[in-house]
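My notes follow the structure.

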Amino acid sequence: MRLSEVELRRLRLPLVRPFRTSFGTEVDRDILLVRVVTDTGTEGWGECVAGDTPLYSSEYVDGAQQVIRDFLLPRLAAVRHLTGEGVAPALADVKGHRMAKAALEMAVLDAELRGRNVSLADHLGAVRAQVPVGVSVGIADSIPALLDEVGQYLDQGYVRVKLKIEPGWDVAPVEAVRSRFGDVALQVDANTAYTLDDASQLAKLDAFGLLLIEQPLPEDDIRGHAELARRLRTPLCLDESIVSARAAADAIALGACAIVNIKPGRVGGYLEARRIHDLCAANGVPVWCGGMLETGLGRAANLALAALPNFTLPGDISGSDRYWKRDVVDKPLHASAGQMDVPDGSGIGVDIDLSWLEEVSTSTESVDLSGSRRPL
Ligand code: OSB
Ligand code: MG
């Protein structure tokens, strides 16, 4: 198959509640969706997880759209026998821009698998029809407000809670959640907000039996995480640092993490995500599926990934209603008793609600592929 049409669609969707992290507060998401049509007549959809600012990682959504249009699509359009597997190799000479590449791989995989009537879950090697899921809870205005929010999620059945932390909001919220909700499965995510000098403060979290501490130090500080790991009893988990299977292998070899958060967008796609899963499994390192406040499209694909055997911890994959008043997929995803169904339809297995998409779209760009059959 070969690409015949590509549409880059931007939408703005308000979150049901603001999401505050150590790197900022998101009130709504500016989302880039990619729609591809192939010469065999199949369509596929991908979601780019880049945020509207380069504050989680260096990528941001305007930059992603530009690199897709100007550098990635000319390369993909030149491939005559395109498959999902062929996307990353065709884009490999472009450095970085993994979230942009992942969105394209996702759309091509969706189209390919729909054409073959295979689900993404089966294609990746899923071994479960349902996966346990947790919820990621932003930094709150106060401890009572946090307890209220966590209580709502636990009432809804989520089996694990992740609290966002930063200096000044770490021990107190963890202590409060532990004393109110007992031995609920609990973990924290710092999004790089600490330094090694904070080791003794972070060691205070050891008293609370957390599953893990996620990404306390900067993205490129693998050695710092290894040093910190020696000073803490709580297992360290890396998110931002794990940009590839190679980075995962290095982090594991150096003792920088005992657990890995896998986000397909961050690592350049679902196929690299699966390689990281396999590498971690071979090293006895458990993994879980992270989230980037995706629409139901991205989360449906994440559910397929999270159904692989070494995803032994609950993911940041919550129901549509945790994020949106109205999702862009025609059937909202639902969490029940802390479990979500792995989609079993062909491709990613969800359909876009096109009339709602139209209403929330802020721009639509049809990329002209005809003049760009040869890579720049
Ligand atoms: O660090 O895991 C993170 C959202 C945006 C950017 C980074 C992160 C997150 C989350 C949300 O924690 C997880 C979700 O999608 O539910
Ligand atoms: Mg994280």
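**Ligand site and domains**

I looked up the location first: ligand 1 sits in the largest pocket. A pocket is an open set of points on a 1 Å grid over the protein atoms alone, where a 1.4 Å probe fits, with protein on both sides within 12 Å along at least five of seven lines. A molecule sits in it if more than half of its atoms lie within 2 Å of its grid points.

The model is predicted: local features need pLDDT of at least 70, and side-chain atom pairs count only at pLDDT 80 or more, whereas totals for chains, interfaces and linings use all residues. Residues are numbered from 1 along each chain, ligands are numbered from 1 in the order written, and hydrogens and water are left out of side-chain values.

I then listed the shell: 16 residues surround ligand 1 (a heavy atom within 4 Å), and Asp 189 and Tyr 323 are among the closest.

I checked polar contacts, which are pairs of N or O atoms within 3.5 Å. An oxygen atom of ligand 1 lies 2.7 Å from a polar side-chain atom of Asn 191. For Leu 293, a polar backbone atom is 2.8 Å from an oxygen atom of ligand 1.

Finally, I consulted the domain assignment, automatic or from a database, which gives domain 1 (3-117 + 352-362) and domain 2 (122-341). Both domains give residues to the shell, so ligand 1 lies between them.

Terms used
Polar contact = N/O pair within 3.5 Å; in protein donor to acceptor, adjacent residues only side chain to side chain. 1 Å grid on protein atoms, 1.4 Å probe; cavity = no way out; pocket = protein on both sides within 12 Å on 5 of 7 lines; lining within 4 Å.
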